Structure formats: C-alpha cells, structure tokens
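Please take me through this structure as a guided tour, with the model open in a viewer.

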Amino acid sequence: MREHLVLCQIDAPSGGGPSSPSLAPRTLASYLSRSQLAGSLQISVVDLPLGRAPQQHAEQIASLEPDVVGLSMYLWNAAATRALCAVLKEVLPQVSVILGGPQLWYDPDDLARLMREVDHSVIVVRGEGELALEEYLQTPPSERPGAGTVIEGRALPDLAAIGAPILSAYPDPRPGKTMLPIETARGCRYRCTFCVMNEYGHSSRMRPIEAVRAEYDWARDHGIGFILYAEAYFNISSEITHQRVEAIHQTGMAHRALHLMCIDYFSITEEEVRALGEINAWFDIGLQTINPAALTLSKRGFHRERLEQVIAWTHKYGVGAVVDLIIGLPGESLDDFARSVDYVAGLGVLFVAHKLSVLPGSELYTKREELGLHYDEKTSKILHTKHMTASDIHRAHRMAEERMKRTFLDCCRAEMRGVTSDVDAEKIFERLFRGFTLGGKDDPRYQRLWEACR
Ligand code: B12
Ligand SMILES: C[S@@+](CC[C@H](N)C(=O)[O-])C[C@H]1O[C@@H](n2cnc3c(N)ncnc32)[C@H](O)[C@@H]1O
Ligand code: SF4
C-alpha cells in the first residue's frame, strides 16, 4: 500500500491584498513526485486558512487519512502551527508529524522550548527539506527517526529536480486575487545580518528556465495577475535577467501580470531596467537605512548616486518602485530613522517601513543579547533596542506611515498631472496602489486614498 504524505501550510495574512498559494509544500510535493519514491507515495497538498481553529485544521488533515504529515512553519504561522501540532498529537497519535520552514532555524535553547511545547511529538527538519524528506520516507517506517529528533537538511544541488511546483498541486486561483510566488533561484551573495536568505548559500542556484516557463503558462491560463519572485533579487546577472524577460514575453505574461521583484540596485544596468519596463515590473529596492552605524551592523552598503540613478531609470522606463526601510535596526536612533525617512520621501518613489523581525537563523538573532535587541517572542518584531525605546519604535512606525501616505499621494498626483481621463487616472492609481501595499480595490484604504488624490 502506498504511504500517504499530507503537506500543509497555514496561510500568510494577505492584508487586503491578493492571497498567495503556499510554495514550500508544493515544492516538496513536486520534488518527491519526480523522485524514486513516486510509485510508493501518495502526496496531498493542503492550504490551511489562517485564523481557523486548530481542531478544524486537524479534522481536515485527518479526513485525508495520512501516514505522515508535513507542516511548513513561518514567522506568520508559527503560533498557529504549534497549536496545530498539539491537536494533531491527540487526533492522529499514530501519525508522524514533520515540521520544516525558515522559522525553525532556532538556536538549541529555542528549539528545545519548541519541542517541550509540542510535547516532543514532532520531528524537525532545519534547512532545505527536499533531500531530508526523501531520505526519511525512503527509510522503512520501523527504522525512521522518532518524534523529538532534529534532522539537518542539506542544500539541493540542482534545482531542476524541483520541476514546476505549481503544477504539482493546483490552487483554486481567483483571477486578480491570487498572487503566484515563483522561486527561480536560491541563495544570496550578500550577508545582511537581519536576513536569513544567506542560509540557502552564498551563490545563486538557478531553476532551469523551461520549468519556470511552465509556471508562466499555468499563470496565463488561470488569469493570474500578480507574480511574486521569491528569490533574493531578480537581476542575478544581466544575462539571466534578459533570458527571463524573454520567457515572460514568449508566454504572454508581459502585460497580463504585475511582476513583483526584489532587485539589486548596485548591479542593475539601464538596459535591464528598460527591458523590465516592458514586462510590467515592480521593483522592491532594499535600502533599509542610510545611517552609517546601522548599515555597518546590518552588513549593508549604501550607494547614493547609484540608487538615485536606478530610480531615474525606473521613471524613464515606466517601472514602478518601492524602497524598503527597516525600523529598529541596531545602531539607529529615532532621529537617525527620521533622516532615512526624509531621504526616501524625497526620492519620488513609494516606500515602506517594516519593524525589524529578529529572525531565527539571522546573525542579529544570534547576537541579539550582545546588541540589546528586545523583541516580542510571539511575532519576532522588535520592541526596543539600545538606541530606541518602545515609544521611539512606535513613533517611528507612525511617522513612516504618515510620510508613506503623503509620498503615495504625491506620486499619484505627479503621475496624473496632465491626465484628463478618469479611466487613465484610475489605472495609474491602481498600479501605484498595488505596488504600495499589494492590495486591491477591496482594501478599505483604496477608496480613501483615491478620493484624496483626485
Ligand atoms: C513568498 C514569501 C512571502 C509571502 C507568503 C506567501 C505564502 N503563502 O507563503 C508574503 C508576501 C505574504 C510574505 C510576507 C512576509 N514575509 Co516572506 N517570504 C516569502 C519568500 C519570498 C518565499 C517563501 C517560499 O515559499 N520560498 C520557497 C520555499 C520552497 O522555500 P522555503 O520556504 O525556505 O522552504 C524550504 C525549507 O524551509 C523547507 N521546508 C519548508 N516547509 C517544510 C515542511 C517540511 C515538512 C519540511 C521537511 C521542510 C520544509 O524545505 C523547503 C524546500 O527546501 C521568502 C524568501 C524565500 N526565498 O524563501 C520570504 C520569507 C519567508 N518571508 C519573510 C518575512 C520576514 C516576511 C514578512 C514578515 C516581511 C515583512 N517585513 O513584513 C512578511 C510576513 C507576513 C505577515 N504579514 O505576517 C522571511 C521569513 C522568516 C521566517 N522565519 O518566517 C523570509 C525567509 C525572507 C527573509 N527576510 O529572510 N512572504
Ligand atoms: C526578502 S527581502 C529581500 C530584499 C532584497 N534582497 C534586498 O536586500 O534588497 C525584502 C525586504 O524585506 C525586509 N526584510 C528582510 N528581512 C527583514 C527583517 N528581518 N525584518 C524586517 N524586514 C525585513 C527588507 O526591508 C527587505 O528589503
Ligand atoms: S536582505 Fe536581500 S541582499 Fe540581504 S541577504 Fe537578504 S536577500 Fe540577500
């Protein structure tokens, strides 16, 4: 009899924007269904809605009669996933539960605490999951590692083995409401101390363009209007950018979808920005701060002329852009943060500011005590630092929100200058709004901002 593996992820909150099918369970399913285990394994992928009671999740999983359950754990679903583990222990005591995902790159103390919380009823895989899960399932059930074990995952050397994850388990796409994440590469050449992406290695492993093209075809046939690129940055090299732009044109996805991508502003060329301007690209440009001490502690560079040059190119070639800041980086005071906000607000593009998440697996997490980073254990969000009190963090957040709103309105008004038709104005507004929040017309801020900018 074939073993039944059920891979699940509790959804991320969409914040009024389009929701997104979970990628890790589909990636693992796609990999395993192409492996030697394919004949001996039945695989199901389940997207579990956030906010539902753990008992309901457990009943849905139990109705599939699994032998092994895999759960993907992220910052946004960590508490809900732990609660689900506790219920699964009661509802399916004979079933093996395996946890994976970036939220598990804890240090040994935190991992031990997690194990206690779930009564040592789970197996944890730290790191990439494909090879670890394959090895686990290849082992006869009586010889497998038991609950309470931590397995170190290994990097998958060739991402061709993943195939096309979205084809392994179709979500139920709602045109205009579904954002499809596509992972085209793993690894990052930078080592920012607040981030965990370098856990995937320091050079980029690419998926073959043919497999990515199959996902674009699927997206086109299912009316997907948003593609979110899951890699560290889209412009890994000029050659790769152009190869990918060509695939987007060939599959007809250039104007059908908004392509949301992080870009490396240090290396992108004018020619790449021009080409990306033809595929409806939205750039997410990580700046984080302009404060020298915070930049050093984050291991980030800042190149003012280059950044402003790239932003000028985005204007020239009609590419939307949003610049990211982080609130509460070590070394930065409220005044320093205000200077970063003043700088980005003057760039003529949108910006967003997120509170620092002290992510397990990041360098800041390892050095959190030495750096005086105090954060909320449940959400990982920064509470106070050596340079910012809790009230400073709160004020920084409010200040950034207020300035973001004004910058958004300025950007709208600037772009709409000379536009006489309401239809064109609304198109411009929609494009900016989508980049601003990834939200859509259902977002209550939409109507308020639209009225304000006319
Ligand atoms: C897509 C994405 C999102 C989507 C989520 C969509 C969804 N439904 O999943 C959205 C846009 C909502 C999002 C938002 C945020 N995100 Co995000 N996001 C990503 C992104 C780009 C891709 C995740 C992904 O699917 N990767 C592809 C899969 C295949 O890789 P993977 O997740 O690592 O899975 C592998 C292993 O972890 C493991 N594994 C995973 N599950 C399982 C299960 C089992 C059983 C096993 C054995 C193994 C295993 O095996 C997999 C294959 O090797 C990652 C960056 C990245 N490239 O991973 C960030 C990332 C996950 N996000 C991150 C963060 C910080 C955020 C935000 C907090 C950002 C912010 N400042 O607001 C918000 C939080 C949302 C909220 N409002 O609370 C961090 C998360 C760290 C963490 N501990 O969870 C990441 C890693 C980026 C970073 N900064 O380093 N995000
Ligand atoms: C996934 S990151 C990739 C960014 C891109 N590679 C870059 O560095 O320019 C997207 C954005 O998430 C934010 N981010 C990343 N890690 C974060 C953390 N630990 N806490 C808060 N925001 C974070 C940063 O603002 C970053 O620019
Ligand atoms: S923030 Fe961006 S550049 Fe820095 S390590 Fe993460 S993905 Fe790489």
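Predicted model: local features only at pLDDT ≥ 70, side-chain atom pairs only at ≥ 80, totals over all residues.

Which residues in H7 meet which residues in H8? Select helix H7 (residues 209–221) together with helix H8 (residues 238–250). From H7, Ile209, Val212, Arg213 and Tyr216 take part, and they meet Gln243, Arg244, Ala247 and Ile248 in H8. By class, the residues of this contact comprise 5 nonpolar, 1 polar and 2 charged. Two packed helices are described by the angle between their axes and the distance between the axes. Here the axes come within 10 Å and cross at roughly 35°, and the crossing of H7 past H8 is right-handed.

Next, select ligand 1 and the 38 residues around it. Those that come nearest are Leu23, Gly70, Ser72, Gly100 and Gly129. Helix H1 (23–33), strand S3 (68–72), strand S4 (96–100) and helix H5 (130–138) are the elements that give two or more residues to this shell. H1 gives the most, with 4 residues. The shell consists of 21 nonpolar, 12 polar and 5 charged residues. Colouring the model by domain shows where the ligand is placed: domain 1 (3–152) and domain 2 (178–417) both give residues to the shell around ligand 1, so ligand 1 lies between them.

Remain with H1 and display its surroundings. Of its 11 residues, 9 are buried, namely Ala24, Pro25, Arg26, Thr27, Leu28, Ala29, Ser30, Tyr31 and Leu32. These buried residues pack against strand S1 (3–10), strand S2 (41–48), S3, H5 and helix H6 (165–168).

Now move to ligand 3. Its surroundings are formed by Cys188, Tyr190, Cys192, Cys195, Met197, Asn198, Ala232 and Gly286. This shell has 6 nonpolar and 2 polar residues, and no charged ones.

The last stops concern the backbone. Most residues other than glycine have a negative phi. Select histidine 120, in the loop between helix H4 (108–117) and strand S5 (122–126); its phi is positive, at about 50°. Is histidine 120 buried or partly exposed? Histidine 120 is partly exposed, because 15 other C-beta atoms lie within 10 Å.

Finally, select glutamine 288, which lies in strand S12 (residues 281–288). Glutamine 288 also has a positive phi, near 75°. Glutamine 288 is buried, because 24 other C-beta atoms lie within 10 Å, and a residue counts as buried at 20 or more.

Conventions. Residues numbered from 1 in each chain as written. Chains lettered and ligands numbered in written order. Near = placed C-beta within 6 Å. Nonpolar A, V, L, I, M, F, W, Y, C, P; charged D, E, K, R; others polar. Axes fitted to C-alpha atoms, helices over the stretch in contact; angles between N-to-C directions. Left-handed = near helix turned anticlockwise from the far one by under 90°. Contact = placed C-beta atoms within 7 Å. Domains from an automatic or database assignment. Buried ≥ 20, exposed ≤ 12 C-beta atoms within 10 Å, placed from the backbone.
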